[in-house]
Amino acid sequence: MVSDIVLTRPLPDFVKNSVAAYIGCVAGAALKEDYLGAMKEAGFENVTVQSETPFPWTASRRTHACGARRILDISTEELARRATETVLSVRVSGSREEVER
């Protein structure tokens, strides 16, 4: 089981080029299909997305987690929502036979 950030479509340039977005694990995220394909290419079988959670566009008061609005230094809620509507936190499982060394 792995947990990671993936994209449903490419990010806008202002997000891809943001140092804060890179540090926040958003700018360097792979497209979901590419991510799952890489797992299969690495020899994993039964690759299954166990859960998908949209990336929060604002900070959570309960957990103090940084949301996209803070990470990207975006001034309006609408821009933050549009910038992150393609960002997902996923949990993915798969199996792989042991490789002889």
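**Close-up views of a predicted model**

Of the 101 residues in the protein, 29% are buried. The model shown in these views is a predicted one.

**View 1. Overall arrangement of the secondary structure elements.** The protein has 5 helices and 4 strands, and read from the N terminus these elements follow one another as β-α-α-β-α-β-α-α-β. Among the contacts in the protein with a separation of 6 or more, 67% are accounted for by residues 24 or more positions apart. The accessible surface of the protein amounts to about 7000 Å², and 49% of this surface belongs to carbon and sulfur atoms.

View 2. The 4 strands form an open sheet in which the order is β2-β1-β4-β3 and the pairing is mixed. Strands β2 and β3, the latter spanning 45–54, are the edge strands, each of them pairing on one side only.

**View 3. Strand β1 and its two partners.** Strand β1, made of residues 2–7, pairs with strand β4, made of residues 87–95, in the antiparallel sense over 6 bridges, and within this pairing V6 stands opposite L88 in β4. Strand β1 is also joined to strand β2 (residues 30–31) by 2 bridges, and these two strands run parallel; here L7 is the residue that stands opposite L31 in β2.

**View 4. The nonpolar cores.** The largest nonpolar core has 10 residues in all, namely I5, L7, L11, V15, A21, V26, A27, A29, F55 and V87. A second, separate core consists of 8 residues, among them Y35, L36, V47 and V90. Which residues does A29 touch, when those up to four places away in sequence are not counted? With that exclusion, A29 touches I5, V6 and L7; of these, I5 and L7 are, like A29, listed in the largest core, while V6 is the residue that stands opposite L88 in β4.

**View 5. A nonpolar patch on the surface.** The residues V19, Y22 and I23 form a nonpolar patch on the surface, and together they have about 380 Å² of accessible area. One of these residues, I23, has its place in helix α2, which covers residues 19–23. Is I23 buried or exposed? Residue I23 counts as exposed because its relative accessibility is 65%, and the cut-off for this class is over 50% relative accessible area. A21, by contrast, is one of the residues that make up the largest nonpolar core.

How values were computed: Residues are numbered from 1 along each chain as its sequence is written. This is a predicted model: local features need pLDDT of at least 70, side-chain atom pairs count only at pLDDT 80 or more; totals for chains, interfaces and linings use all residues. Side-chain values use heavy atoms; hydrogens and water are left out. Patches are made of residues with over 30% relative accessible area and no salt bridge: like charges are joined within 9 Å, nonpolar side chains (Val, Leu, Ile, Met, Phe, Trp, Tyr) within 5 Å. Accessible areas come from the Shrake-Rupley method with a 1.4 Å probe; for residues, only the protein chains shown count as cover. A salt bridge is a side-chain nitrogen of Lys or Arg within 4 Å of a carboxyl oxygen of Asp or Glu. Buried means under 20% relative accessible area, exposed over 50%, partly exposed in between (1.4 Å probe, protein chains only). Two strands pair if DSSP finds at least two bridges between them. A nonpolar core is a set of buried Ala, Val, Leu, Ile, Met, Phe, Trp, Tyr and Cys residues joined through side-chain atoms within 4.5 Å. Contact means heavy atoms within 4.5 Å.
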